[in-house]
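Here is a short briefing to read alongside the structure.

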Amino acid sequence: MSDKKPVIITDAPAPEGYEGEGFFATKLSSVIGMARKFSLWPLPFATSCCGIEFMATLNPTYDASRFGMERNSFSPRQADMLMVCGTISKKLGPVLKEVYTQMAEPKWVVAVGACASSGGIFDTYSVLQGIDKIIPVDVYVPGCPPRPEQIIEGVMQVQALAESESIRRRDMPEYQKLLDSYNISN
Amino acid sequence: MTNEFVLEAITREFPESVISSSEPYGMLTVEVKKEDLKKIIHYLKDSSLEINFLTDICGIHYPEFPDREIGVVYHLHNMMTNFRIRLKIFMTRDDVEVDSLTELYAGANWMERETFDFFGIKFKGHPDLRPILNMEDLGYHPMLKEYRLEDGTRTDKNDSMFGR
């Protein structure tokens, strides 16, 4: 047994702003970004070995809960981070797309592992060669399967995105164009 | 029930239908005429042989033998005596139609759909012959050795790294 006490950080740094006696002023987008960052609700879409690694990530050893993602949403309507862990066959593709379109904005997509990112070793007639063929992806986690630490790294990348992006980013014409290129109406 | 006994029963009932027979690894394997397959299986099921369980249906494809290019293999099982038999039929490419066994064994339904999906073998009398495992709009039968088994849409793979 290690006699190290667990260190719990409760003082996440405040966003940039103006501080004075009794007040603190900052941009709304910073506050909302911070709120979103620490309350990502993942929707696990797990099909194979990467899914098992994702389950390990949720276990007490790796403890995904400390990111504010205590609750895994199994309904797309309440989730904002789609974790696609594992091989997606072409037949499953429309299902995944349906799940993605049912999620409310803002939403982020993490492709966990080689299969979700690029089809992996399955360069074959039945396997979708990367989920970015059907939905836009924000973060790719490499590995086959990736270790929980790598999935956590991917989640932290999404956190960085959620924190820094403008709350209006998803109203921008570029984003509309991206969704249009995937034939997804918003 | 021995291999000899069952083979003799089949040859007695259908002397014209048996093309060849062998016993690889002790399992009776009979190649029969395609047209008589359903009759033979009906006989195996309903006679005193009581071969009452259809274990498996699967297609095979030999592009190098044009006169017997596409085949279907049937595995059958007698649950009471633990007797197994394998039946094979072969056909050419212009005539890929076989009688469906769905009237004899309900379990043939999905197996025949799978065989149709992967080999394009049509089963006459099947109630719902659609692709079952592949997506509906795939447009070809993957296990026929005529199509790329690799995905043609791949853009990020360098063939030289995979020994091709």
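**Where the chains meet, and what holds charge inside them**

In this predicted model, 13 residues of chain A are in contact with 18 residues of chain B. The two chains bury about 1200 Å² between them, yet the count of salt bridges between chain A and chain B is zero. Over all chains, the structure holds 14 salt bridges.

**The interface**

- Of the roughly stated area, about 1200 Å², that chain A and chain B bury between them, 45% is on carbon and sulfur atoms.
- Lys91(A), Asp123(A) and Tyr125(A) supply 61% of the area that chain A buries against chain B, more than any other three residues.
- By class, the side of chain A that touches chain B has three nonpolar, six polar and four charged residues.
- Two residue pairs are in polar contact across the interface of chain A and chain B, both at pLDDT 80 or more.

**A charged network in chain A**

- Salt bridges link Glu105(A), Asp138(A), Glu165(A) and Arg170(A) in a network.
- Arg170(A) pairs with Glu105(A) in a salt bridge at 3.5 Å, N to O. This pair links distant parts of the chain, 65 residues apart: Arg170(A) is in the loop between helix H5 (148–164) and helix H6 (173–181), and Glu105(A) is in the loop between helix H3 (93–102) and strand S5 (108–112).
- Arg170(A) also forms a salt bridge with Asp138(A), where the closest N and O atoms are 4.0 Å apart. Asp138(A) lies in the loop between helix H4 (113–118) and strand S6 (139–141) and Arg170(A) in the loop between H5 and H6, so this pair ties together parts that are 32 residues apart in sequence.
- Is Arg170(A) buried or exposed? Arg170(A) counts as buried because its relative accessibility is 6%, under the 20% cut-off.
- Its two partners named above are partly exposed: Glu105(A) has a relative accessible area of 30%, and Asp138(A) comes to 28%.

**A charged pair in chain B**

- Glu31(B) and Arg68(B) meet through their side chains in a salt bridge of 3.3 Å, N to O.
- Here too distant parts of the chain are linked, 37 residues apart: Glu31(B) sits in strand S2 (residues 28–32), and Arg68(B) in the loop between strand S3 (53–61) and strand S4 (70–78).
- Glu31(B) counts as buried at 12% relative accessibility, whereas Arg68(B) is partly exposed at 29%.

Notes:
Residues numbered from 1 in each chain as written. Chains lettered and ligands numbered in written order. Predicted model: local features only at pLDDT ≥ 70, side-chain atom pairs only at ≥ 80, totals over all residues. Heavy atoms only, no water. Helix = DSSP H or I, 4+ residues; strand = E, 2+ residues; numbered from the N terminus. Buried < 20%, exposed > 50% of the residue type's maximum accessible area, 1.4 Å probe, protein only. Contact = heavy atoms within 4.5 Å. Buried area = accessible area lost by both parts, 1.4 Å probe. Polar contact = N/O pair within 3.5 Å; in protein donor to acceptor, adjacent residues only side chain to side chain. Nonpolar A, V, L, I, M, F, W, Y, C, P; charged D, E, K, R; others polar.
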